[in-house]
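My entries are kept in the order I made them.

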Amino acid sequence: MNLKISGHHLELTPSLREFVVNKLERVLRHFDQLIGAEVILSVDKTKEKAGRQIASVTVYLKGKEIFVEKCDENMYAAIDKLIDMLDRKVVQYKDKVQDHGREAIKHQQPPEAEPLQ
């Protein structure tokens with residue numbers, strides 16, 4: 001998986017980079033067919049103090065892109081929220097891809113037998 005992490009108006013420290021990489025491994029546990037991911041961590045100085053730290057990620061899958069963005073007062077909390085939502089979206093996409101539109105035979109109800117006359 002190609003991973004690009006960048007910071008806007010923010011110094012990207014090694015601990016912050018390692019935190020993002022460790023959190024993204026959680027997404028890879030559920031779905032290993034990721035082509036790449038682009039993470040942007042930024043500080044918006046024009047907004048109110050409550051949501052200044054912004055974390056956004058774009059994950060590239062085969063035939064699909066998933067984009068998630070979260071804001072918080074703390075960058076680590078914003079990354080946690082971001083990964084939680086990304087994880088849900090990736091699992092939802094995986095279920096959609098692997099669903100073949102029919103129920104497995106072992107889960108189907110047997111046909112009702114007609115009474116003999």
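What follows are my entries on the sheet, then the helices on it, then the contact between the helices.

I note that the model is predicted. I looked up the strand order and found an open sheet of four strands, ordered 1-2-3-4, with mixed pairing. Strand 1 (2-8) and strand 4 (64-72) are the edges, each pairing on one side only. From one strand to the next I get an average twist of 10 degrees.

Strands 2 and 3. I checked the pairing of strand 2 (residues 36-43) with strand 3 (residues 53-61): it is antiparallel, over eight bridges. For Val-43 I looked up the bridge partner in strand 3, and it is Gln-53.

Helices on the sheet. Which strands does helix 1 lie across? I find strand 1 and strand 2, with helix 1 running at about 140 degrees to strand 1. Helix 2 lies across strand 2, strand 3 and strand 4, and runs at about 150 degrees to strand 4.

Helix against helix. I then took helix 1 (residues 14-30) with helix 2 (residues 75-98): they pack at an angle of about 20 degrees, and their axes are 9 Å apart. The crossing of helix 1 past helix 2 is right-handed.

Contact residues. On the helix 1 side I listed residues including Leu-16, Phe-19, Val-20 and His-30; on the helix 2 side, Ile-79, Ile-83, Val-90 and Lys-94 are among them. By class, I have 12 nonpolar, two polar and six charged residues in this contact of helix 1 with helix 2.

How values were computed: Residues are numbered from 1 along each chain as its sequence is written. This is a predicted model: local features need pLDDT of at least 70, side-chain atom pairs count only at pLDDT 80 or more; totals for chains, interfaces and linings use all residues. Side-chain values use heavy atoms; hydrogens and water are left out. Axes are lines fitted to C-alpha atoms, for helices over the stretch in contact, and angles run from 0 to 180 degrees between N-to-C directions. Helices (H or I, at least four residues) and strands (E, at least two) are DSSP runs, numbered from the N terminus. A crossing is left-handed if the near helix is turned anticlockwise from the far one by less than a right angle, and right-handed if clockwise. Contact means heavy atoms within 4.5 Å. Ala, Val, Leu, Ile, Met, Phe, Trp, Tyr, Cys and Pro count as nonpolar, Asp, Glu, Lys and Arg as charged, and the others, Gly among them, as polar. Two strands pair if DSSP finds at least two bridges between them.
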